[in-house]
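Let's take a friendly walk through this model, starting where the chains meet and ending inside one of them. Please keep the viewer open as you read.

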Amino acid sequence: MSEPLIRTEGLTKRFRSGGGLFSRERVMTAVRDVTLEIARGEVLGVVGESGCGKSTLARLILRLIETTEGSVVFDGTELTALPPTALRAMRKRMAMVFQDPYSSLDPRFTLAEVLAEPFRVQGHDLPNDAVPAMLAAVGLPEALATSYPHQLSGGQRQRVGIARALALHPDLVVLDEPTASLDVSIQAQIIALLADLRDKMGLTYLFISHDLGLVRYFCDRIVVMYLGSVVEVLPNTQAAPRHPYTDALMRSGFAPDPARRREIVPLGGEIPSPFALPAGCAFATRCAFASDRCRRERPPLSQGLSHPVACFHPL
Amino acid sequence: MSAWPAPLRALRWPVGGIAGAWLIVIVAAALFAPLISPYAYDAQALKEAYGSASAAHWLGTDEFGRDLLTRLMYGARTSLSVSAIAISLSVACGMVLGAAAAWFGGPFDRTVMVVVDLTWSFPEILIALILVAIIGPGTTGTMIAIAVAYLAQFTRLTRAQIMTLKGETFIEAARSLGAGNTHILLRHLLPNAFAPVLVAAMLATGDAIILEATLGFFGLGAQPPVPSWGGMMSAGSALVFKAPWIIVFPGLAVAATVLAINLYGDALIAELDIRSKLRGAG
């Protein structure tokens, strides 16, 4: 197997809050001990409910926030130790598309200025035909170049966000719930556009989403996160879940076909606080199969099964 | 239409237009006073003292027989220039301090805010008196006193703007492209913080005219015979029954100008507010 584009090792992020005159310092673990690889040309999906640390993981991989422990290797370069100037230069090889297309564009920039910014901050000359070509590549009319973001629809803005991310032909694009704040019909268009651009430009995607159905449609491999940890890595979209949490996630999806409607059993129990993670498996408080061992010890991401699963009682 | 800058678009509003027209008249009178005023501001004609409105003196004369219209025009020169320069100074210092405080945070932020809040807690009259004691009476002291009086407001406003903007996704997006601190501060943060500060500065100029008149009333601003609206009202206050026009006309000038600035400022707020446009479009 060739060298992966991204490899993380024991990636951990803890946020500290309080600790001033009036409150005790509290430590929140947002991402705990994440080790994963992204192969070139792959679409790796990351799913999990809100607050499970998937967006934090994305920002750690791009080093938009600093890691507490662990390492991120991008194409052979250790990112966590890179000096600021080298990191800024490295950023032309990795890009991000943000969840909220309304706040991810500066309201005072025209689209032409938004699309020129990647060239500008990297000190590259902006070719004359670059802005029209970038707009065309994401299916927007050239005439919009002089428009401001507030004159555009959500879907159009997200297309601008994608064009900006791809401006300098990056290797890796992190998509942080790029369709979560769009209408369903627009979501499909954006996903089709992303698939098309990946084929044309040979991109590698890290696709963050809470929508397992969408991830199964779009991604090659799927990482399932729960409370900051990876609980399962599905090697393809057809693989049957082995972790009880992944299984519950899949069962909670609505089927579009009324004949296939079934009863949805909601997960009981409470999510533990990320300020006080349990000693054992984080999912044990809500798991039907949990034993005493689950509550005492943290199950490692085992490699012995058909694919990596962090569970003592895999399905 | 939208190609016009917001300050011009604000004139298209009915109230904004009338207010703007008055401001243009006052500013023109101040700028061109030496050319268009009927008399010299210190030309005394003691025989015509305490004269009411007449063909020769449209607004009457004061206790030395000086033409009130002429003195009002020169007074506008003093009041407007002192207020505008003081507020510009205050905005410039406030934006630098506020942006630096928000950007660096931590102990620097706390120190700046404590010092700035201290300036807020001193009465302006006291600051003006101290400055008069140090540098002598005149408009410089008044300007600095007014600038100090408004410093906290602009520092706090800029700081709050930058703090909010720092958390916006487009800042993170710029960083993800490889933008450095200078680019983010100069191209994203300050331009976005500027519009609210501009409106606040506009409205503060109205308040500053009143403050300048107050300081002038106590004899702290421009020194006689140079007229200021506050100084003219001070002289007229002793003669309010004998020659009420001496105090009424400068009073009206202050009131009308401050009102016009506030009304025009309201129109400008409506024109500059990107978010309200966004609501209209969505």
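## Polar contacts across the interface

A polar contact is a pair of N or O atoms within 3.5 Å; within protein, one must be able to donate a hydrogen and the other to accept it, and residues adjacent in sequence count only if both atoms are side-chain atoms. Between chain A and chain B, 11 residue pairs are in polar contact, both residues being at pLDDT 80 or more. On the side of chain A that touches chain B, β6 (94-97) and α3 (111-121) of chain A each supply at least two residues. The largest share, five residues, comes from α3(A). Helices (H or I, at least four residues) and strands (E, at least two) are DSSP runs, numbered from the N terminus.

This is a predicted model: local features need pLDDT of at least 70, side-chain atom pairs count only at pLDDT 80 or more, and totals for chains, interfaces and linings use all residues. Residues are numbered from 1 along each chain as its sequence is written, chains are lettered from A and ligands numbered from 1 in the order in which they are written, and side-chain values use heavy atoms, with hydrogens and water left out.

## Extent of the interface

Chain A brings 22 residues to the contact and chain B brings 21 residues, where contact means heavy atoms within 4.5 Å. Together the two chains bury about 2,100 Å², with 60% of it on carbon and sulfur atoms; buried area is the accessible area (1.4 Å probe) that two parts lose on being put together, summed over both.

## Salt bridges

A salt bridge is a side-chain nitrogen of Lys or Arg within 4 Å of a carboxyl oxygen of Asp or Glu. The structure holds 22 of them over all chains, and one salt bridge is counted between chain A and chain B. There, Arg59(A) meets Glu172(B) at 2.5 Å, N to O.

Within chain A, have a look at Arg221(A) and Glu42(A), whose side chains form a salt bridge of 2.4 Å, N to O. This pair links distant parts of the chain, 179 residues apart: Arg221(A) is in strand β9 (residues 221-226) of chain A, and Glu42(A) is in the loop between β2 and β3 (43-47) of chain A.

## A four-stranded sheet in chain A

Four strands of chain A form an open sheet in the order β2-β1-β4-β5, with antiparallel pairing. Because β2 (26-38) and β5 (77-78) of chain A stand at the edges, each with a single partner strand, one side of each is left without a neighbour in the sheet. Two strands pair if DSSP finds at least two bridges between them; nine bridges join β1 (residues 6-17) of chain A to β2(A). Thr8(A), for instance, has Leu36(A) in β2(A) as its bridge partner.
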